[in-house]
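Please keep the model open while reading.

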Amino acid sequence: MDFIRVRASADGAETISYWTGDVYGWQDDDGPHHLFGFEGLNVARAVESDGGWQLLTREAALYLDPRTREVLGTWDNPLTGRAVEVQHVFNDPVNQRLGGYPVPTTRLGDQVVFNVDIRLAYPSPLKVADYPENSASDTYRAMELFQFFVSAKDLDSGVPDVPGVFSWCRVSPWLPWMAMGQRGGGLVYHCRGAKVAEVPERLRERVGERFRHAPAEWSAPNVTSWTAFASKAGR
């Protein structure tokens with residue numbers, strides 16, 4: 001229950017999480033390089049279900065020029081020398097079931113930190129044989145590393161929606177639209193964010209009304225950058 005109050009709201013109200021940060025890339029014999037800025041939002045609603053919780057969310061994020069922080073339309077890939085079309089993140093849905101195990105916590109003075117480390121390894125939606133330019137492997141391997149920081153006083157108060165800030169690090173393969181093929185290396189995302197009442201205007205305008213509200217009910221499967229790329233490719 002405590003983590004639901006930190007990640008979303010235990011009374012079913014919508015919550016918005018906003019983040020900003022950067023994306024770095026390296027190859028086996030080169031880098032790391034500062035490739036992108038990155039900012040986005042996740043809109044969530046928590047619903048009790050079968051003794052646990054459904055976390056109903058959708059999220060959108062934009063890749064930015066790392067220096068000017070302007071939204072990218074095309075990108076001159078310094079690792080290959082090719083220009084490619086940038087495919088921003090519009091993932092709907094991104095749903096989870098929570099409550100099956102306790103979330104590790106650490107009390108640091110007047111703060112409590114919730115630690116969520118997600119290790120991923122599953123068959124890639126983009127098989128190398130079908131997408132030789134866009135897939136690093138037939139197995140998608142990545143890590144999503146979150147830390148949520150909240151006031152112990154707020155947590156102990158019993159409010160359904162606990163305010164807080166968070167950090168997020170992601171280690172992943174090259175994005176499909178980067179057209180990196182099976183080159184060694186990959187990406188590291190390093191971001192920080194918070195629950196907010198509203199997101200910056202540029203992001204609001206770009207993502208549209210749909211991505212400013214959480215889903216009303218459970219649906220599957222989840223959308224990722226990999227499944228979105230496959231869908232756009234029409235295969």
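At the start of α4, a side-chain oxygen of T224 comes to within 3.1 Å of the backbone nitrogen of W226. The model is predicted: local features need pLDDT of at least 70, side-chain atom pairs count only at pLDDT 80 or more, and totals for chains, interfaces and linings use all residues. Residues are numbered from 1 along each chain as its sequence is written, and side-chain values use heavy atoms, with hydrogens and water left out.

**Helix α4**

- Helix α4 spans residues 225-233, and S225, W226, F229 and A230 are buried in it. Helices (H or I, at least four residues) and strands (E, at least two) are DSSP runs, numbered from the N terminus.
- Buried means under 20% relative accessible area, exposed over 50%, partly exposed in between (1.4 Å probe, protein chains only).
- Exposed S231 and K232 are on the face turned away from the buried side of α4.
- The cover over the buried residues of α4 includes β6 (89-91), β10 and β11 (165-172).
- Just after α4, G234 has a positive phi of about 75 degrees.

**N134**

- N134 is in the loop between β9 (111-123) and β10 (139-151).
- N134 is buried, at 16% relative accessible area.
- Its contacts, leaving aside neighbours within four places in sequence, are L126, P176, A179 and F229. Contact means heavy atoms within 4.5 Å.
- The side chain of N134 also reaches the backbone oxygen of P176 at 2.9 Å.

**Q111**

- Q111 belongs to strand β9 and is partly exposed, at 33% relative accessibility.
- Not counting residues up to four places away in sequence, Q111 touches T106, F149, V150 and A152.

**Cavities**

- The whole structure has 2 cavities of 30 Å³ or more. A cavity is a set of points on a 1 Å grid over the protein atoms alone where a 1.4 Å probe fits but cannot get out; lining residues have an atom within 4 Å of a point. A volume is the space filled by probe spheres set on the points, which are joined across faces, edges and corners.
- The largest cavity holds about 80 Å³. Of its 13 lining residues, S135, A136, P173, W174 and W226 are the closest to its centre.
- The second largest cavity has a volume of about 60 Å³. Its lining includes V6, R7, F148 and K195.

Definitions and conventions
Polar contact = N/O pair within 3.5 Å; in protein donor to acceptor, adjacent residues only side chain to side chain. 1 Å grid on protein atoms, 1.4 Å probe; cavity = no way out; pocket = protein on both sides within 12 Å on 5 of 7 lines; lining within 4 Å.
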